[in-house]
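Colleague: I am new to reading protein models. Could you walk me through this one with some questions and answers?

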Amino acid sequence: MKRILLKNVLIINEGRSFKGSVLISHQIIESVFEGEIPENIVADEVIDATGKLLMPGVIDDQVHFREPGLTHKGDLTSESRAAVAGGVTTFMDMPNTKPQTTTVADLEWKLERGKEVSAANYSFFFGGTNDNLEEIRKLDRSRIPGLKLFLGSSTGNMLIDKKETLERIFSETEMIVAVHAEKEEIIQKNIAYYTHLYGEDPDISFHSKIRSEEACYVASAEAVELASRLNTRLHILHMSTAKELSLLESGTPLKNKNITAEVCVHHLWFTDKDYKIYGNKIKWNPAIKTVYDRDALREGINNGKVDIIATDHAPHLLSEKAGSCLKAASGGPFIQHSLVTMLEMVFQGIFTYEKVVEKMAHLPAELFRIDRRGYIRPGYYADLVLVDPDHSWAVTKENILYKCGWSPLEGTLFSHKVWKTWVNGEIAYTDGQVKDSVRGMEVRYN
């Protein structure tokens, strides 16, 4: 690979924005220059990025790329292509595939498949179940981000409902335990209540009432209690309510936290008022909640209670999203549009560029102790995204790369556009085209 010089760009990194240049050599960032470039710099290619923004590539800790077993709606090839088109250079895929990633053999298969086809850097969570503790004990911590536990039923039916199993996993593992926290008993009670009143097929407006604030808070609180008592590193995925924020610390540096939390872009963008507009297209588990919840989550990003931002990218065919709120599939595609959606919220004055980079690149790298990614630093892998901050464009079916072929954001006008994405020093996406020959690397954890 050649040496590439990106010059005259506004670098967003480590809480600062400054005009400078970056020299890439092979897979690695060789130098970062603030201000003028030294005269003796030699490069094979020079890219004048005047007026553009340079950020570390996004690290998304929660995606469902559907391979193996569910590849009619997404796979590691298609969804990793969408990822790099959106400035996402590293992903962590979830275990609720077919078969579920609950054995070491199934994990090895995914790692080999990622090596063969993924345009982005790849990694895979390992799933905990009621009866696979022996497999968990065999895991190589340097090759996985952590364990994924479902504390409420969701896509893939990996619910852990045995208290003794939870206690053993929480007490024995030194890895991060990432949880989907919704209380199954409360969800079932709510289903019985609303179907009794309104029939067996309640519409989408009931989704956030069935998968309620109480269901989320009680499950998250129980997980926090368990982790605190057993000294477990707990990560609460896709937090969706204001009430859950009371379980988190503010003002504590990430390195000193044992309990961390993530919020997904759709919970920062949509509210339950949007069900009338988008219907089942914005049906996720946990459900999108109220304006009050959304605004509290935004404040949680800014005050440090919430540590990272992810997508929970989970494609389904539109035909699978049809029906009542109890029958339509939960989840939707988002990874191609996560960064530009967050940058639109910068444009609206909700966040800063520095905050978006912190929550989507720096802190995911820190939380999971990723080896040399997430920052624009000499010696780090050259995972970079170059953004045009003054390019108005709309999401259309023609520019969507998801295998499922749709997005809840179709028709949305954005003010920022991803121009180029580098994965380990190679151009993976440029000027609207994914370079199909580029392959990411397996992520390693310290």
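Modeller: Happy to! This is a predicted model, where local features need pLDDT of at least 70, side-chain atom pairs count only at pLDDT 80 or more, and totals for chains, interfaces and linings use all residues. Residues are numbered from 1 along each chain as its sequence is written, and side-chain values use heavy atoms, with hydrogens and water left out.

Colleague: How many helices and strands does the chain have?

Modeller: Helices (H or I, at least four residues) and strands (E, at least two) are DSSP runs, numbered from the N terminus. Counted that way, the chain has 20 strands and twelve helices.

Colleague: What is the radius of gyration of the chain?

Modeller: This radius is taken over C-alpha atoms, and the globule rule is 2.2 Å times the number of residues to the power 0.38. For 446 residues, a compact globule would come out near 22 Å. The chain agrees with that, because its own value is 21 Å.

Colleague: What percentage of the residues count as buried?

Modeller: Buried means under 20% relative accessible area, exposed means over 50%, and partly exposed is in between (1.4 Å probe, protein chains only). Of the 446 residues, the buried share is 61%.

Colleague: What share of the contacts join residues at least 24 apart?

Modeller: A contact means heavy atoms within 4.5 Å. Take the contacts between residues at least 6 apart in sequence. Of these, the share joining residues at least 24 apart is 74%.

Colleague: How far apart do the centres of the positive and negative side chains lie?

Modeller: Lys and Arg count as positive and Asp and Glu as negative, while His and the chain ends are not counted. Each charge is placed at NZ of Lys, CZ of Arg, CG of Asp or CD of Glu. With 53 positive and 62 negative side chains, the distance between the two centres is 1 Å.

Colleague: Now for single residues. Is lysine 73 buried or exposed?

Modeller: Lysine 73 sits in the loop between β6 (58–63) and α1 (76–85). Leaving out residues up to four places away in sequence, lysine 73 touches several others, among them Arg66, Glu320 and Cys404. Its relative accessible area is 6%, so lysine 73 is buried.

Colleague: What is the phi of histidine 238?

Modeller: Histidine 238 is in the loop between β12 (234–236) and β13 (259–264), and it counts as buried because its relative accessibility is 1%. Beyond four places in sequence, histidine 238 touches residues including Gln62, His180 and Asp312. Its phi is positive although the residue is not glycine, with a value near 30 degrees.

Colleague: Where is asparagine 424 found?

Modeller: Asparagine 424 is not a glycine, yet its phi is positive at about 55 degrees. At 3% relative accessibility, asparagine 424 counts as buried. Its place is the loop between β18 (417–423) and β19 (426–430).

Colleague: Is tyrosine 292 buried or exposed?

Modeller: Tyrosine 292 lies in helix α10 (residues 291–303). Its C-alpha atom and that of valine 438 are separated by 43 Å. With a relative accessible area of 62%, tyrosine 292 is exposed.

Colleague: Which residues does alanine 296 touch beyond four places away in sequence?

Modeller: Alanine 296 is in helix α10 and is buried, with a relative accessible area of 18%. Its C-alpha atom is 8.9 Å from that of lysine 243, 53 residues apart along the chain. Beyond four places in sequence, alanine 296 touches Ala242 and Leu245.
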